[in-house]
Amino acid sequence: MPINTFKCPNCGSPVTTTGAEKEVQCAYCGSTVVVPEELREVPQPQPQPMQYNFGPTSQPNDQAFQGMVTADKVAKAAIGFTAASFILPIILTCVILAAVGGILFYVFSNVNSTLQQANQTVSTVSAPISEVPTVAPAPTEAIPTPVPFTNTLFSDDFTDPSSGWDKHHDSDYTFEYKDGHYHVLINKRDGGYDIWPDNTAKFKNVSVEADIQQTAGPNDGLIGLVCRAKDDGSAYAFEFDQNGDYGIYKFDSNNNITALDQGTLDPNTVNQNDVNHVEGVCDSNTLTLLLNNQILLQTQDSSITAGGAGVIVQTGSSGDPGVDVLFSNFVVKGP
């Protein structure tokens, strides 16, 4: 920095200045002396701070800056719009794909489930099944048809009251000829009776048949025919009831009853309170029961070899009395 010298206006002594002071003190007389203008340094302009105006107070001289801010906003908006234009279709595409995927999943799941069910059905049922209602359980083995006997040994249409059948009437039992029928009424609880003409007492191998109609009484009353019946109470009996139960039974001399074979029909196949044709066959040790020309049972027993051929009526499992029956067209055949 240069040093300038000028004379003190008071004492004439030299005074020095750097030019930066406006006043200096004289070193000789001690007075304060004003530094001449020409010896002073020209002051350098100080930089002014830049002023920024934000908001509505900006003056017209800030229009350039406002233009810059507006341009910046427009640029940002353009960038935002461009990004949105790019991203929005992607989002919409994803949403559509998700929806379509969900629909396809639902459809194919249902189709797959249906196909699985169809496959299970096909694997289970190999052919259509026609359900045919059966009247009675079919036997596991076909019952051989007995060789019919052709020789008539005895027959009765019950028009002749002297043909050989018992006639009896009391409060428990009634046996009588009645209007071309043989009438039997069991009116005793847990009662029963078998009747046969004396002229059949020694028959061995025979078929016994008749038309039988229950006209009154409980449905479990047993009605039918006997062969090889004896005075000691032994016999083979072929019986059925209105409920469809049937069987071949053996009676012995000690009043014991043994079911040799039994079965059950649909009750609708029995002509309830109407005529049913019954046949019992005693051929050697083979015993066969037929109802309305249908073979129901066949069994074997050889303990009773000969006896009478006749009819039987007895109360059923309930023991209820009042079993009222008419027999007609009675026929016994043999070899």
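In the protein chain, 56% of the contacts with a separation of 6 or more join residues 24 or more positions apart, a contact being a pair of heavy atoms within 4.5 Å. The model is predicted, so that local features need pLDDT of at least 70 and side-chain atom pairs count only at pLDDT 80 or more, while totals for chains, interfaces and linings use all residues. Residues are numbered from 1 along each chain as its sequence is written, and side-chain values use heavy atoms, with hydrogens and water left out.

Of the 335 residues, 34% count as buried, where buried means under 20% relative accessible area, exposed over 50%, and partly exposed in between (1.4 Å probe, protein chains only). The chain exposes about 20,700 Å², of which carbon and sulfur atoms supply 55%; accessible areas come from the Shrake-Rupley method with a 1.4 Å probe, and for residues only the protein chains shown count as cover.

The largest pocket has a volume of about 380 Å³. A pocket is an open set of points on a 1 Å grid over the protein atoms alone, where a 1.4 Å probe fits, with protein on both sides within 12 Å along at least five of seven lines; lining residues have an atom within 4 Å of a point. Grid points are joined across faces, edges and corners, and the volume is the space filled by probe spheres set on the points. The lining of the largest pocket comprises 17 residues, and Gly192, Asp194, Gly233, Phe251 and Asn255 lie nearest the centre. Strands β9 (192-195) and β18 (308-314) each supply at least two residues of this lining.

Threonine 315 lies in the loop between β18 and β19 (323-334). This threonine counts as buried because its relative accessibility is 7%. Not counting residues up to four places away in sequence, threonine 315 touches Ile186, Lys188, Asp190, Gly191, Asp220, Gly221, Asp320, Pro321 and Val323.

Glutamate 37, by contrast, counts as exposed because its relative accessibility is 58%. Its place is in the loop between β4 (32-34) and α1 (63-124).

Two residues other than glycine have a positive phi: serine 284, near 60 degrees, and asparagine 329, about 50 degrees. Serine 284 is in the loop between β15 (275-283) and β16 (286-291), whereas asparagine 329 lies in strand β19. Serine 284 counts as partly exposed at 45% relative accessibility, as does asparagine 329 at 44%.

How values were computed: Helix = DSSP H or I, 4+ residues; strand = E, 2+ residues; numbered from the N terminus.
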